[in-house]
Amino acid sequence: MSTQDTPFTLAGVTFQSRLIIGTGKYPSFDIMKRCHEASGAEMVTVAVRRLDLKAQGEASLMNWIDTQRMRLLPNTALCYTAEDAVRTCRLAEELGMSKWVKLEVLGDEKTLYPDVEETLKAARILVKEGFTVLPYTTDDPISARKLADVGCAAVMPLAAPIGSGLGIRNPHNIRLIRELVKIPVIVDAGVGTASDAAIAMELGVDAVLMNTAIAGAKDPVRMAVAMRKAVEAGRDAFLAGRIPRKAYASASSPLEGLVE
Ligand SMILES: CC(=O)[C@@H](O)[C@H](O)COP(=O)(O)O
């Protein structure tokens, strides 16, 4: 029996790649650009509040992003209130970046955990203003459902705290979120290596967003390649369907017709 994939579609736009990539922490803009190419990602997130608006030419981050190939996804990193996040999204729009936003409203500086109450508040306002809202959230299924109910285009539960590289802390919850909401689910933050990305995809999520695992690797370009392959492999494994786990061995070769 062969299995057919359905395209990854977000707010009516179809993507070939299920990997979304960041722009922070790279050793250089040149390495970042090479990672973007190697990853095959078609969407790239940029922290609006970290942008140096005065930088020109090669000193400007935006100069190193291939916007012909990749859709820009401005994000609200460094925002701790709904008000700040909404203002940042409006600024992104004024700068001509995009009306698609990665909404990130953080609870504190130590954990960088999402403040779900403020995220919901901001999401309601932004959806009303016509933004396509992709919110970073906890791995709590009820919060994910509330974000879906207010009209977000996807939900992006964390695998683990941003930049921690701890991998999927709660696979069960990620699976519950996948079951509960009808919109795309994108695992965002905390991926440490390729197997984490593959596990996320094997849980049935639609895509994975990551930054630190690639930007902070010893060889970022090679890690970008590994992540592209891991996301593809995880998706294939999910579609193929894993075998059930068994408590005891079962022989790989048939037992009938043994030569005596
Ligand atoms: C780039 C970005 O938006 C991060 O805030 C995001 O959440 C990724 O986290 P990692 O760096 O842990 O992959």
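Is Trp64 buried or exposed, judged by relative accessibility? In this predicted model, Trp64 has a relative accessibility of 16% and therefore counts as buried, the limit for that class being under 20%. The residue falls within the segment 10-254, to which the unreviewed UniProt entry assigns the feature "domain: Thiazole synthase ThiG".

The aromatic side chains were examined next. A pair of aromatic rings is described by the distance of the centres and the angle of the planes. With centres required to lie within 6.5 Å, three aromatic pairs are counted. In one of them, the ring centres of Phe15 and Trp100 are 6.2 Å apart and the planes meet at 65 degrees, so the arrangement is edge-to-face. Phe15 belongs to strand S2 (residues 13-15) and Trp100 to strand S6 (residues 100-103); the pair therefore ties together parts that are 85 residues apart in sequence. Phe15 is buried, with a relative accessibility of 6%, and Trp100 is likewise classed as buried, at 7%.

Phe29 and Trp64 form an aromatic pair of the tilted kind, with 6.2 Å from centre to centre and 40 degrees between the planes. Phe29 is located in helix H1 (residues 29-39), whereas Trp64 is located in the loop between strand S4 (43-47) and strand S5 (71-75), so this pair ties together parts that are 35 residues apart in sequence.

Gly107 is situated in the loop between S6 and helix H3 (116-128). Its relative accessibility is 45%, so Gly107 counts as partly exposed. When neighbours within four places in sequence are set aside, Gly107 is in contact with Tyr80, Tyr113, Pro114 and Asp115. Gly107 and Cys79, 28 residues apart in sequence, have a C-alpha to C-alpha separation of 9.0 Å.

Key: Residues are numbered from 1 along each chain as its sequence is written. This is a predicted model: local features need pLDDT of at least 70, side-chain atom pairs count only at pLDDT 80 or more; totals for chains, interfaces and linings use all residues. Side-chain values use heavy atoms; hydrogens and water are left out. UniProt positions are given in the numbering used here, feature names are shortened, and annotations may be inferred rather than shown by experiment. Rings of Phe, Tyr and Trp (its six-membered ring) pair if their centres lie within 6.5 Å; planes under 30 degrees apart count as stacked, over 60 as edge-to-face and the rest as tilted. Helices (H or I, at least four residues) and strands (E, at least two) are DSSP runs, numbered from the N terminus. Buried means under 20% relative accessible area, exposed over 50%, partly exposed in between (1.4 Å probe, protein chains only). Contact means heavy atoms within 4.5 Å.
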